[in-house]
Amino acid sequence: MKRFNKRNYSKRFNFLGLAISLVFLGLILYSSRLQIVNYYIYASEVNANVIKQRKIAAERGNIYDRNGVLLASSIFQNDLYIIPHYFHDDINLICANIKVDCNVLANKLERFPLNRLLVVKNIGDDLAEVYKKIPGLFVFRYPIRQYNSETATTHIIGYNGRINRSMLNENEDSIYADDDVVGQAGLEYIYNHELHGVNGAEQYVLMADGLELLSPNRFLPKDKVIIKPEKGNNLILSIDDRIQLAFAYAMQQHKGGAVMIDVHTGQIIAMYSNPNFDPNFIRKVFGDLNHPLMNRTISSYAPGSTFKLVTALAALELGLIDPHKKFECHGSYSFGGRVWHCWKHEGHGALDMRDAIKHSCDIYFYQIAQKVGLANIIKYAKMLGLGEHTGIDLDSESTGRLPAIKGSTPGTLLNTVIGQGVVQITPLQLANAYATIVNGGELHVPRLASLGDKPTILKENHFKKSSIDFLMDALYAVVQEEGGTAYYSKSSIVEVAGKTGTAQVAGLDKKKKDNAWFVGFYPVVEPQIAVCVFVEQGEHGSSVAPIAFKAIEEYSKEHAPYSHPSQN
Amino acid sequence: MHLTVIRRRIRQRFRKINKITDKLFSRPYFKAIFVLNLIALLNFYSVAGKHAFFSQLFVFIIGSAVAVFISNVDYEWIKRFAIPVYISICGLVALVATIGTRINGARRWLKLGYFTLQPTELLKVALILMIGFYLQARTKPNTRNGRQYNLFDLIIPLLFTFLPLILVLKQPDLGTAIICLLITGSILFFMGIEKRTLVLIILVLFSGGFTGWKHLKPYQRDRVINFLNPDTDSRGKNWQSHQSIIAFGSGGLFGKGTKKGPETQLGYLPERETDFALASLAEEHGFVAITVVLLMINFVIMKLLFIARNARDRFSAVFATGVAFWLGCQAVINAAMIMGLLPVVGVPFPIISYGGSSLLTILLAMGVVANIEKG
């Protein structure tokens with residue numbers, strides 16, 4: 001057969017073939033532009049689409065007491081999640097092992113097939129290992145804080161919580177992620193930066209339907225974990241947990257606080273506030289009217305007679321009073337148009353300073369106060385760190401309060417001298433003040449978490465040895481000599497010197513008992529520790545002194561006591 | 001029976017098979033089709049799962065056998081079959097419009113027991129057959145061969161095209177409609193049209209385009225608008241196109257490897273084995289695979305044009321040209337769509353996109369082409 005019109009069409013075919021080839025060449029060139037020239041742009045866009053990052057929370061550092069007892073540790077919690085879309089097993093098998101209502105769960109699975117649903121929090125490690133392997137089940141493992149519930153360091157350690165916005169925005173190159181758990185109170189808060197650790201990061205693969213790919217190894221480079229989390233530093237406290245427990249045991253029935261402090265270093269050996277709470281279940285105590293979250297050792301109260309020692313110290317140091325000169329106490333004293341009573345209404349008779357401290361005579365101190373003056377009392381109170389921040393490594397410490405000289409009345413002076421009226425100080429300040437007296441005048445910054453560090457000296461006072469010895473002897477008499485205010489509650493095991501205090505509760509509620517104080521030191525010669533116990537409505541100083549004695553007994557098991565020179 | 005006899009018979013069988021395969025592969029464009037199929041199967045293995053892989057393999061084997069059969073039948077037979085084939089396939093398209101299976105809102109498939117058939121694919125080749133047949137019949141022995149067609153000559157082939165297209169658009173299947181129009185238009189243009197007629201047609205097309213725009217479905221309009229304004233939110237309606245481009249580009253020179261393309265494997269790329277199969281191929285096998293595919297298709301088209309040039313009569317010329325335009329249009333439109341040069345239209349890439357009907361149609365057409373070439 002004759003070929004059709006070859007001559008006329010062949011040109012057209014050639015042209016067409018060339019045109020089509022050019023089109024395809026263009027397509028190939030354009031695809032080289034996409035795939036070779038701009039490869040990195042598209043590859044990074046795909047990565048941004050697919051590969052996502054999430055944090056691996058760092059473990060918080062542990063907290064130990066001075067003997068290595070674990071007070072707070074980091075443990076892992078496993079939460080079980082389910083994605084119904086991937087889950088093809090029998091749901092009843094899972095409900096059987098955990099406390100979850102199967103009907104509720106099954107209903108949930110039906111309603112949200114593509115969601116990641118929480119089944120139950122905190123399942124055991126062995127159960128987690130099993131469930132991890134079942135398709136559709138996911139175990140989210142993350143560190144949480146575990147507090148040793150056999151210790152009594154709650155108020156010191158504080159507690160953690162979800163980070164807040166202001167903390168997150170505080171520093172630009174923040175180590176914190178927006179869902180981190182950080183310290184909210186106590187040492188957890190103060191040392192959060194050290195305890196927190198550094199969060200890690202891992203990659204995962206997100207599918208177009210919003211679910212995570214189960215076996216992402218094909219799409220990820222080598223290791224999923226791109227930054228390994230670093231555990232926070234451990235914290236070793238100067239706290240001795242045994243003494244802490246002794247305080248806790250002795251204060252079971254009371255509301256109050258107790259502090260034991262090393263007089264040479266300012267290290268805090270025990271610091272206990274009652275009522276206590278379990279920091280593992282902190283939500284339970286919110287709204288409790290006993291205010292268990294309040295740390296009473298750093299809250300301020302009227303110090304009562306324990307404050308008399310400040311006046312005595314000022315009088316001795318300034319040489320204004322001869323300590324052996326006797327003053328008369330008839331049970332009442334007229335001053336400023338008002339009659340002031342001694343706590344002992346029949347009066348103590350004639351007594352010198354040692355006896356006045358021993359019996360805690362108010363009238364004696366009313367009289368010497370006139371000579372010492374309010375300005376000197378306040379000056380010496382400040383030298384002992386009263387009414388000022390101690391600088392302890394805890395948050396929300398109360399400053400306490402001293403009267404202002406300006407605008408003061410003679411009544412202010414008399415109230416101040418017996419630790420009533422305007423004066424308010426914290427148990428910690430008082431313990432630190434007595435520690436300053438017995439160590440010769442070095443006011444330390446009390447520390448909880450710097451065991452082994454050199455003590456930080458806040459104020460360097462040089463008290464005369466004679467006046468220190470005189471006061472220590474007088475405080476010895478308070479507890480150890482018959483007639484002393486704490487004599488009847490003295491310990492048969494340890495020899496302690498100290499001062500009682502009984503402060504009227506502000507307000508005229510007659511039903512309320514007085515607040516009770518005891519502050520002392522141990523051993524009576526070359527003291528090592530100072531102790532302060534405060535009990536709200538404890539009635540009388542002598543009735544709370546045994547709390548201090550119990551703790552000192554515990555302390556003395558480790559440290560040999562010295563006997564008083566007067567007995568030798 | 002003696003063992004040697006069996007051996008001899010087996011050898012004879014093999015010889016027969018060898019003859020068939022020899023015939024198949026002696027033609028270089030069959031080799032190109034074969035290579036394209038291998039690439040497509042590799043891609044299906046990676047992205048479409050076992051079922052799709054084997055069903056496509058099955059269609060390939062059956063289709064090749066039918067193609068070999070068609071290439072060996074008498075040439076005149078094929079011409080004789082043009083009208084019945086066209087009518088029956090138009091019937092199938094009409095059937096789809098009434099009882100077809102609906103997938104993703106479009107009614108395009110006919111369920112035939114275990115298989116589903118997409119008659120619109122067959123319609124393309126039937127259309128080419130019909131136009132070829134008509135033009136051949138219009139070529140009177142005494143007319144000048146170079147005579148150009150006027151409007152009256154074009155009315156009937158255009159009718160052949162538009163009648164089934166009404167049904168196609170009803171499915172709706174804009175992609176197929178566009179391809180069919182392009183095939184008819186380019187065949188007619190290529191075979192020669194008077195200048196007056198050409199101007200008229202262009203005017204009609206413009207006004208038709210204007211009214212057609214008014215009748216587009218909202219999603220179809222969105223695609224066009226998104227194409228013209230590509231900076232819209234990539235999570236929005238332009239999402240498909242955006243995913244396609246980044247999947248394509250991120251393949252690089254050699255691709256990420258089988259089953260290793262995240263866009264493809266994780267569901268970001270839509271229609272990864274059908275309309276966007278070329279993008280998944282690009283992501284997993286890179287620039288190299290894309291170049292091979294485009295060159296192969298280009299080669300097949302060139303070969304078809306040469307066959308058309310050397311054809312024995314107008315029917316052959318029209319058929320080969322039609323098939324060349326058909327494959328070329330689909331390949332270029334699909335590739336351009338995947339690279340973001342055109343809006344998203346449902347036009348599959350020949351052979352590379354999954355679809356039994358489409359592959360079968362191409363293989364049948366190749367059988368006819370081989371038959372034409374022989375003569």
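Biologist: What should I know about the model and its numbering?
Modeller: This is a predicted model, where local features need pLDDT of at least 70, side-chain atom pairs count only at pLDDT 80 or more, and totals for chains, interfaces and linings use all residues. Residues are numbered from 1 along each chain as its sequence is written, chains are lettered from A and ligands numbered from 1 in the order in which they are written, and side-chain values use heavy atoms, with hydrogens and water left out.

Biologist: Which cysteines form a disulfide?
Modeller: A disulfide is a pair of cysteine sulfur atoms within 2.5 Å. Over all chains, the structure holds one. Its sulfur atoms are 2.4 Å apart, and the partners are A:Cys95 and A:Cys102.

Biologist: Are A:Cys95 and A:Cys102 buried or exposed, and which hand does their link have?
Modeller: Buried means under 20% relative accessible area, exposed over 50%, partly exposed in between (1.4 Å probe, protein chains only). Both A:Cys95 and A:Cys102 are buried. The angle about the S-S bond is 85 degrees, and the link is right-handed.

Biologist: How far is the nearest cysteine sulfur from B:Cys329?
Modeller: B:Cys329 counts as buried, at 16% relative accessibility. B:Cys329 is in no disulfide. The nearest cysteine sulfur belongs to B:Cys180, and the distance is 11 Å.

Biologist: How much area do chain A and chain B bury between them?
Modeller: The size of an interface is often given as the accessible area lost when the parts come together. Here buried area is the accessible area (1.4 Å probe) that two parts lose on being put together, summed over both. Carbon and sulfur atoms hold 69% of it, and the total for chain A and chain B is about 4300 Å².

Biologist: How many salt bridges and polar contacts link chain A and chain B?
Modeller: A salt bridge is a side-chain nitrogen of Lys or Arg within 4 Å of a carboxyl oxygen of Asp or Glu. A polar contact is a pair of N or O atoms within 3.5 Å; within protein, one must be able to donate a hydrogen and the other to accept it, and residues adjacent in sequence count only if both atoms are side-chain atoms. Across this interface the rule finds zero salt bridges. Residue pairs in polar contact (both at pLDDT 80 or more) number twelve.

Biologist: Which element gives the largest share of the side of chain A that touches chain B?
Modeller: Helices (H or I, at least four residues) and strands (E, at least two) are DSSP runs, numbered from the N terminus. Helix 1 (6-37) and helix 2 (39-50) of chain A are the elements that give two or more residues to this side. The largest share is 21 residues, from helix 1 of chain A.

Biologist: What is the phi of A:Glu526?
Modeller: A:Glu526 is in the loop between strand 20 and strand 21 of chain A. A:Glu526 is exposed, at a relative accessible area of 58%. Its phi is positive, though the residue is not glycine: near 45 degrees.

Biologist: Which side chain makes a polar contact with that of B:Ser316?
Modeller: B:Ser316 lies in helix 13 (residues 314-338) of chain B. B:Ser316 is buried, with a relative accessible area of 0%. At 2.8 Å, the partner is the side chain of B:Asp313.

Biologist: Which residues does A:Thr311 contact, beyond four places in sequence?
Modeller: A:Thr311 is in helix 11 of chain A and counts as buried, at 0% relative accessibility. Contact means heavy atoms within 4.5 Å. The partners are A:Phe365, A:Ile368, A:Val372, A:Ile377 and A:Val417.
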